[in-house]
Amino acid sequence: MVRLTDVPTIKNAPLPAEGNGSFSNPILAALVLVVPWLVKRLIPFVNRGGWLTYWFFVAVLGVPVTVGYWTVMSHYGPRVNEKVVLPNKPASEYYEIKDSDLKHQWGFSKEKMPMQIWYDAYFDGKIDIKGDMLDTLEYRWDWASFGFTVDLFKYVFLNLIPDVVLHTQKQDEDQIRDNYDRGNDFYNWFLGPRMIYTSGIVTDITREETLEELQDNKLRIVCEKLNLQPGDTLLDIGCGWGTLVAFAAKNYGVNATGVTLAKEQAAFGNQRIKDNGLTPDQARILCCDYRDIPRDQKFTKIVSLEMAEHVGIRRYSTFLNEVESLLDDDGLFLFQVAGLRTNWQFHDLVWGLFMNKYIFPGADASCALNWVVNKLENAGFEMKSIDVLGVHYSATIYRWYKNWISNEDKVVAKYGVKLYRIWLFFLAWSVIVAREGGSSLFQITMHKNLNAFHRIEGVPTHSSLHGFPKREITPIV
């Protein structure tokens, strides 16, 4: 048995079971090398060939062997542990299959339906759940498997890998605008009035802080970690709807610039700046790619909240080098980025592929913390503090989820049932994944690794050691 929680600020897990994490890179490497050798030995005539023949078979059989190993291990590997006993209820207790072909294949099967097949069928109306989506997913281990399917492999080879390899500026622009220019109303129906699509921060676990409280907590903490002062020049890369830009200029007296690729976000942000009594001389949102940020000035403070995932693995180092070149030598950089855990379970990867396909296309740089820190250090930064905010994200998304449900009629009327269902599933599953640590969130404060940087001046704002001073803030309208 494992201990359960009863904390008002989050959705507490009723069944915190472990999934299948059985995977070994050394075994996979051995199979990729040994299987071609065995095939070469067993085929007549070919067995007389030399090293060129062997490496030919490695090239030909490498992908099929890899796919086979992933398939077997994802379907038949054991759970990390069995401390949580599953209810072992029939799948029909959780959902109803409406489609006759799907019912013929899975309705009477003793095997659990792979999650990828299940969620695609749910989006298409072939499956209905028998209760709340989040509650249903809390018991997913009881009715779903997380084995890799043919469709998942097709997506990896035909979509994900090409995206990772290419990641052109045009590709980024198309993906971002197709997503974030969908309509501000769409996002308002779950983000609420702050219009912030990044994690908030919990400061009181004894009550359910509102979504707006969580976001205001985060805005204040970010500004305090950056030690914003009047006269500072702040750059927010991937600023979304510009709330942090307006907040920092309004409450800290900085000259703030935000950058986003989405036209609707830029227009909304500039209007928000105006509505909060600020002028374009004090704050502004630019609609441009991070690669096109004007180089005619350096910034004393730079922030990027959950934007780097869209930069992509291929261009990650280039992006960080550009940030380093934009930052003043005495400046601070706050970087918030999501990433999968190093000791992943197959459940985490299935969720990640779903997210890449349906929610954040092109966002392939959700990597482990050690990988992120290595990239930052190689770009010339020195870490000042690192906070892991995964459970804060779970609390934030839980509030988004409840907002989304409350606006179901509006969403369906304008955007249709399928898009409503996709986002309902995304929000519900993400509440769980962030709470469990399958995907977490890292908030990293840093500066340039220079001898002349006066580290002692940062001691008063070393938040993990001292906390933050109380400050009266004015909420953004």
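**A walk through the predicted chain**

The protein chain holds 20 helices and 11 strands, where helices (H or I, at least four residues) and strands (E, at least two) are DSSP runs numbered from the N terminus. This is a predicted model, in which local features need pLDDT of at least 70, side-chain atom pairs count only at pLDDT 80 or more, and totals for chains, interfaces and linings use all residues. Residues are numbered from 1 along each chain as its sequence is written, and side-chain values use heavy atoms, with hydrogens and water left out.

Let us start with the overall form. The C-alpha trace spans about 75 × 55 × 45 Å along its principal axes. A compact globule of 477 residues would have a radius of gyration near 23 Å, and the 24 Å of the protein chain agrees with this; the radius is taken over C-alpha atoms, and the globule rule is 2.2 Å times the number of residues to the power 0.38. Of the 477 residues, 54% are buried (under 20% relative accessible area, with exposed over 50% and partly exposed in between; 1.4 Å probe, protein chains only).

Now for two residues in loops. Most residues other than glycine have a negative phi. Asn88, however, has a positive phi of about 60°. Asn88 sits in the loop between helix H2 (51–76) and strand E1 (95–97), and is exposed at 61% relative accessible area. Asn227 also has a positive phi, of about 50°. Its loop runs between helix H10 (211–225) and strand E5 (233–237), and Asn227 is partly exposed, with 28% relative accessibility.
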